[in-house]
Amino acid sequence: MKYNSTRDNSVAVTSAEAIVKGLSAEGGLYIPESVPAVSIETIEEMADMSYNDRAKKILGLFLTDFKAAEVEDCVTKAYTKNKFGTNSIAPVYKLDKNRYILELWHGPTCAFKDMALQILPHLLTTSVKKTGMDREIVILVATSGDTGKAALEGFKDVEGTKIIVFYPESGVSGIQKLQMCTQEGNNVFVSAVNGNFDDAQTGVKSIFTDKEYAAELDAKGISLSSANSINWGRLAPQIVYYFSAYCDMLKGEEIKAGEQVNICVPTGNFGNILAAYYAKLMGLPVKTLICASNSNNVLTDFINTGVYDRNREFFTTISPSMDILISSNLERLLYLLSGRNDGEISSYMEELKAAGKYTVSDDIFAKVRENFRAGFADDDKCRETIRRVQDEFGYVIDPHTSVAVAVHEEYAAASGDGTKTIIASTASPFKFNGDVLTALLGREEVEDKDEFELLRILAERYELTVPPSLGELEDKDVRFETVCDKTMMKAVVNEFLE
Ligand SMILES: *Cc1c(COP(=O)(O)O)cnc(C)c1O
């Protein structure tokens, strides 16, 4: 199977090339030329498989230029009990008779980014070998929190790679900062940047677009890469867990083979929910996909009106990983819904760049409505939902998951749709301990307490176990204390590479 570009159908590369390049030269995203089909019989067979065998099956359909042994090697290295604390990797928790929480946060950094970033380094190094590039890959990441740590954990000590992460000095949570500054591994470097996330992001982008610098590195046998969420190598692994969740429900006799489910996803860059849509296209019995946003509700408006308009106030919320106004992966959805019309997609993206806004055709909008519903929850609603779910079910959810639960409740009440629903849970409540405890116990209980006291309170009050990777931070040495000016980021990269 070849991969086209969403902005140029004449582009045709292998999956290995798509993973190495990340983004197509004219700015489009790589997308498989066809959608592989999975029959209900195959899904029934998969119900008896382990997570890893399910992953091999699904990934193999997309990575057709990989040998089966190569796919197996990547999967086996990524999804281990040691790293995820459970053989089920992405277990499903039944909240009540029609809500099933898909826990995607058992990985080493306690957020769902691990599901993709644990396997991406292996897909990437395998792809580099397959494309005949004998080079060292240096990953540069600007992070607002979750991605940086997940990328560090994924790439640490992976042969043939180095990784450098820049985070805004004032702009990540206490836990997130500790997670990054204590990072282990002999191929990693972390630096704070004086400024906000945009400063860090702009700095990294200017290094990527510096042609002279690229040539200099090239002469040393080094290629820069980004591990960005638009890389197909991050998207494909996310399709797996929707199949896996359905298989678990089938095996647990919660549903019958072929029975339709809904899927509700707390959404930022539209990667996770796009993976769910792919699962549907491939044959997973999915009725409606529910897109949940926080106050940055650009996607809610898009799905309700067909107009994408990023010209609006930006809010900083307690679900920061969804604070985003340009959802890059939406481009792949529009491409699919337009019947693979590369010209149409190019013009929407040009309008977005020039005016921050575009309106899709009536035909695309009708297809959006056939598949998707959307809603949003602000911080108050989110805190209220965390509290209510704990009260009612004794189950503690993080703010991102809470947005999804709240939006699904509203959808179910308004539509009367009682279909069993998989709700993607994207972070452990421990990762957002301060906001979760504020929701549960009030602000007074949280003020003046440090991160580790908060972890202990959350565990003791609600009979939970602190994830070892977070608890251990207290005793870890800080390895990285560099704070650089945004104009000095290239110098930091150079110093590390020497
Ligand atoms: C990244 C992230 C999201 C958003 O996922 P997208 O694929 O960008 O839509 C939601 N929740 C958490 C905790 C995340 O880290």
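A polar contact is a pair of N or O atoms within 3.5 Å, and in this predicted model an oxygen atom of the ligand comes 3.1 Å from a polar backbone atom of F270.

**The ligand and its surroundings**

- Around the ligand there are 15 residues, and those that come nearest are K113, D146, G268, N269 and T426.
- D146 takes part through its side chain, where an N or O atom is 2.9 Å from an oxygen atom of the ligand.
- G268, by contrast, takes part through its backbone, where an N or O atom lies 2.8 Å from an oxygen atom of the ligand.
- The ligand taken alone would expose 390 Å², and the protein buries 95% of that area.

**The ring pair Y93 and Y395**

- A pair of aromatic rings is described by the distance of the centres and the angle of the planes.
- For Y93 and Y395 the distance is 4.0 Å centre to centre and the angle between the planes is 5°, and the pair is stacked.
- Y93 belongs to strand β4 (residues 92–96), while Y395 sits in the loop between α18 (379–393) and α19 (399–415), so this pair ties together parts that are 302 residues apart in sequence.
- Y93 has a relative accessible area of 30% and is therefore partly exposed, whereas Y395, at 8% relative accessibility, counts as buried.

**The ring pair Y348 and Y358**

- The rings of Y348 and Y358 have centres 5.4 Å apart and planes at 25°, and because planes under 30 degrees apart count as stacked, this pair is stacked.
- Y348 lies in helix α16 (residues 342–355) and Y358 in strand β13 (residues 357–359), and although the two are 10 residues apart, the pair links distant parts of the chain.
- Y348 has a relative accessible area of 5% and is buried, and Y358, at 2% relative accessibility, also counts as buried.

**Other arrangements of rings**

- Y3, F62, W232 and Y278 are linked by ring pairs into a cluster.
- The ring of F66 has K130 lying over its face, at 5.5 Å from the ring centre.

Conventions. Residues are numbered from 1 along each chain as its sequence is written. This is a predicted model: local features need pLDDT of at least 70, side-chain atom pairs count only at pLDDT 80 or more; totals for chains, interfaces and linings use all residues. Side-chain values use heavy atoms; hydrogens and water are left out. A residue is near a molecule or strand if one of its heavy atoms lies within 4 Å of it. A polar contact is a pair of N or O atoms within 3.5 Å; within protein, one must be able to donate a hydrogen and the other to accept it, and residues adjacent in sequence count only if both atoms are side-chain atoms. Accessible areas come from the Shrake-Rupley method with a 1.4 Å probe; for residues, only the protein chains shown count as cover. Rings of Phe, Tyr and Trp (its six-membered ring) pair if their centres lie within 6.5 Å; planes under 30 degrees apart count as stacked, over 60 as edge-to-face and the rest as tilted. Helices (H or I, at least four residues) and strands (E, at least two) are DSSP runs, numbered from the N terminus. Buried means under 20% relative accessible area, exposed over 50%, partly exposed in between (1.4 Å probe, protein chains only). A charge sits over a ring if NZ of Lys or CZ of Arg is within 6 Å of the ring centre and within 35 degrees of the ring normal.
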